[in-house]
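Morning, everyone. Please have a look at the sequence and the model on the screen. I will keep this brisk.

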Amino acid sequence: MPSVIRFYARAVTALNRALFMLSAALMAIIVPAMMIEVVSRYMFHAPTVWGMELAVLLFGPYFLLGGPYLLHLGGHVNMDLFRNRMPPRARVVADVFSQIVILFFCAVMLYYATPLVLQSIEYRETTFSAWNPPLWPYKIAVPLAMLLLALQSLAELGRTCLGDAREETT
């Protein structure tokens, strides 16, 4: 693989792996928040105004920011039953087609999600709940994740086209 493409693929994968680990760490906030909510609601009959909402709002970035690295690991839904029976050349064609579909999906999502985030920032959108946190920090995860997914998809496309096997980034 040419060194420029290899460097790009490794850098993007390393960034997405770091964000994957960071998003996994959000569970260290989500789980205690849910535990506090359940205990205060059912043991003390005094639910919090923030517990459930915080868990729901953090689950979005947790889910979205893990996706790009999961693409590198091959953890997304795949038709392995058919793919494994394909000859190697057909497998490459299927992988290239998949990456093109992913890039198209990311472009559409970026096109529609970015104005919504900018509008949320402009209007200082909140949840309108008793806790009432701003929404833009959570909404920004959608276009950010789509950008990172597109970058990872380009890296995987480069690896596929140049015959480089999926390599684990430490």
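Predicted model: local features only at pLDDT ≥ 70, side-chain atom pairs only at ≥ 80, totals over all residues.

Residues are numbered from 1 along each chain as its sequence is written, and side-chain values use heavy atoms, with hydrogens and water left out.

First, the core. The largest nonpolar core has 9 residues, among them Leu19, Leu65, Cys106 and Leu148. A nonpolar core is a set of buried Ala, Val, Leu, Ile, Met, Phe, Trp, Tyr and Cys residues joined through side-chain atoms within 4.5 Å. Buried means under 20% relative accessible area, exposed means over 50%, and partly exposed is in between (1.4 Å probe, protein chains only). Which helix gives the most to this core? It is α7, with 5 residues. Helices are DSSP runs of H or I, at least four residues, numbered from the N terminus.

Next, Ser153. It sits in helix α7, residues 141-161. Is Ser153 buried or exposed? Its relative accessible area is 0%, so Ser153 is buried. Its side chain makes a polar contact of 2.6 Å with the side chain of Gln99. A polar contact is a pair of N or O atoms within 3.5 Å; within protein, one must be able to donate a hydrogen and the other to accept it, and residues adjacent in sequence count only if both atoms are side-chain atoms.

Last, the surface. Trp50 lies in the loop between α2 (27-42) and α3 (51-73). At 30% relative accessibility, Trp50 is partly exposed.

Technical notes. Helix = DSSP H or I, 4+ residues; strand = E, 2+ residues; numbered from the N terminus.
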